[in-house]
Amino acid sequence: MKKIILVTISFLISYSIVSAQKKECGTMEYLENLKSQDPKLEDKMLKNEQAMQNWIKTHASSKSTKTTIITIPVVVHVVYNNSTENISTAQILSAIEIINKDYRRLNADTSATPSVFAALGADCGIEFCLATTDPNGNSTTGITRTATSQTSFSAGTYTGVIYSDDGVKYTSQGGIDAWNTSQYLNIWVCDINSYNGYATFPGSPASSDGVVVDFTRFGNFTAGSTSFMIRTASHEIGHWLNLNHTWGENWLTTSNCGDDFCNDTPTESAATYGCGTFPYNAFNACNSGPNGEMYMNFMDYTDCRNIFTQDQKTRMIAAINLFRPAFLNTVCQAGLVYGCTDPLACNYSPLANVNVDCNYTTCAGCMDEAAYSYDPLATISDSASCLYCDLSAATGVVDASSASALDGSVDLSVEGWNCITSASMASNLAAYSTGSTGIMFNMINTFGNPLTITGISQGSYGNYFGTATSYNIYYYPGSYVPQIGNANGWVTLASNAGGIVPSGGTPTVPVYSGAIPMTAVTIPAGATYGFYLGLNGTLTYSIAAGTAGVTPWGSNGALTITVGHSSSFPIVVNTPRAPLIQVHYEIQPWNSITYEWSNGATTEDLTGVAPGTYSVTATDCNGCSASATVEVGVISGLSEESLNTVFVHPNPANDMLFFSKTAETAEVLDLHGRIVKTTVNANNVDVNYLAAGAYSIRLTIKETVTVHRFVKE
Ligand SMILES: [Zn+2]
């Protein structure tokens, strides 16, 4: 009797302590509320999970461990009611540093991971930085500050559970609207009423996508903060990248001991608090094994969180590829590009602005065993040579009409080859006497296949070369219109990018500097894109004599640069311009692949063949090869078209791409053969978020795979 009373008292005391604190994470309650508002969300997330599993299955571990670092631009929205909540910039910077260390497994407390679990620890290869360009193309600190009359956020209950009502994410509700959530990770920092943090999973509404963290849990400057208090953001960003709690409390399971879809995190029945002693086995009901639970995982609640696992990393990389693909190519600022600017060096990079290791003999090779060019003797890991042999072949078949007819055909498509050729072209951007803050021009892709602009370097002009030290570059997906910034569809490729100052040229002899670092942009075959290269975001126009029209300024077999305007032309505002440029680009010649068919044909496609079985091996310039076998059969009864032909439309596509038949799976692939989107059992796919450029879509319909090329505008 006495014992029972003691136990009861101790329970009540500990309960009262817990209830006085904010709950660590409100993500699941928040999700339940979202689902109650959108009946389709549950189904959407189930499909997302299916796509995740497919992606992980089709991307072997070697690919998910590629050394490429994904950099995610972050905007921190500080929404404060008093000066304590208006946390300092130093505190914000410390938070970004903590997150970066956690996602690169550079956190000091990895030493506290028990060794059996440490072997599973992952450098997730994901980094975060405060954005340097805002959605309008202007420079930014990546921090917004909003005073609010709200004393705290998140008030509402759903089936008795307090959830977060997202007021902090809307200017109209005392918070601040999100920046474009496909381009930035939005982190709101405020006083949250009931939680330390919550996040949206991929698939949630775009306007509220992001992470909310209580001001006491962001950065390590808060008085009395301890190591566990500052890991809330690392945890919530894990949800944002589609990680579940380690006890699998998610939309697919109703019981605890749930599945977090990671094989290397032992099952648990519920969150763990405090910090256990290894091996910690509080929930034996879940058979967590002899090592017990991984209570120190970032997706648990303990005070000693310090690890993401390899499977968690794979899920996060999959989520970025499938649902947040814009982050695959983002940079926060004009970064340093290491390499050798001498084209003869094996580590040549036309974009290099830090000239290192100009090695001609010993640097070739790649130390990554998964790379096609793996060389165990390589002394310098030359990332430019770390290509991966991921060639794949798919076929679309048009059958013969009868057992003897020679009217069968095969439409072959090959993806993932690595035969990119770098090239450059010099161009004079018209000889206007005074110059301007910037130059607008059109680039026309005359190559016949997609062409990727990777950089622009500025030459010299008269006495004025060497005057500019930083540049903005924009592009417009079409013949340019006279407006820049993000207005009217202009897209930022570089903002305040440092360029190497040219020197030594004369008005007629250009001296090109290193290319100005910029985000690469792909011009579809035959398309015209407008470009702006300049010193700031404002242009003044005037009529320039004698330069109107579309006379090519520069031209070669792949690219033509023209004035592209009718009557107006940028004119001087302050610093003189240098009107000689060199454009760096990459092309992927589709004819660089050779084909060997079983009937002796060496063409990509087959036409005029009899019914039968045909096999083909496609080999790219690196020796990567892929094979496919196809059965050309005989049509009976149904018309050829209705049985075999699938159309995709419209092409080019803007927001939705439709297929003429429902596909069991539809996979959108980029030019490198990477799957960037998957849908199942649908006759359309949303391509709205894709960057403009050329893609393929691989449709599986009744076990027949067809591949169709299309252009996203
Ligand atoms: Zn959570």
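**Strand pairing and helix packing in the predicted model**

In strand S8, Asp214 is the bridge partner of Cys190. The structure described here is a predicted model. The pairing that includes Cys190 and Asp214 belongs to a set of 4 bridges between strand S6 (residues 185-190) and S8, and these two strands run parallel. Strand S8 also pairs with strand S7 (residues 197-199), to which 3 bridges join it; here the strands run antiparallel. Within this second pairing, Tyr198 has Val212 of S8 as its bridge partner. The residues of S8 (residues 211-214) point in two directions: Val211 and Val213 face one way, Val212 and Asp214 face the other way, and all are buried. Strands of a sheet pair through backbone hydrogen bonds, and the pairing may be parallel or antiparallel.

For the chain as a whole, the secondary structure comes to 9 helices and 33 strands. Of its 713 residues, 43% count as buried. Among the contacts between residues at least 6 apart in sequence, 68% join residues at least 24 apart.

Helix H5 (residues 89-103) was examined for its length and its packing. Its 15 residues should span 21 Å at 1.5 Å a residue, which agrees with the 21 Å that separates its end C-alpha atoms. The buried residues of H5 are Ile92, Ala95, Ile96, Ile98, Ile99, Asp102 and Tyr103. Seen down the axis of H5, these buried residues fall within an arc of 160°, and they therefore line one face of the helix. Their packing partners are strand S1 (70-80), strand S2 (126-130), strand S3 (143-147) and helix H7 (232-240). Just after H5, Arg105 takes a positive phi of about 50°.

An open sheet is formed by 3 strands in the order S11-S12-S26, with antiparallel pairing. Strand S11 (392-398) and strand S26 (606-609) stand at the edges of this sheet; each has a single partner strand, so one side of each is left without a neighbour in the sheet. From one strand to the next, the twist averages 20°. Strand S11 is joined to strand S12 (residues 408-415) by 7 bridges, and the two run antiparallel. In this pairing, Thr395 stands opposite Leu412 of S12.

A further open sheet of 3 strands has the order S25-S27-S28, and its pairing is antiparallel. Its edge strands are strand S25 (594-597) and strand S28 (625-632), each of which pairs on one side only. The twist in this sheet averages 20° from one strand to the next. Strand S27 (residues 612-619) pairs with S28 over 8 bridges in the antiparallel sense. Within that pairing, the bridge partner of Thr617 in S28 is Ser627.

Towards the end of the numbered strands, attention turns to a loop residue. Lys702 lies in the loop between strand S32 (693-701) and strand S33 (704-712). With 9 other C-beta atoms within 10 Å, Lys702 is exposed, because a residue counts as exposed when 12 or fewer such atoms lie within that distance. Lys702 and Ala663 are 39 residues apart in sequence, and their C-alpha atoms are 8.0 Å apart in space.

Notes. Residues numbered from 1 in each chain as written. Predicted model: local features only at pLDDT ≥ 70, side-chain atom pairs only at ≥ 80, totals over all residues. Pairing = 2+ DSSP bridges. Axes fitted to C-alpha atoms, helices over the stretch in contact; angles between N-to-C directions. Buried ≥ 20, exposed ≤ 12 C-beta atoms within 10 Å, placed from the backbone. Expected span 1.5 Å × (residues − 1). Arc of directions from axis to C-beta. Contact = placed C-beta atoms within 7 Å.
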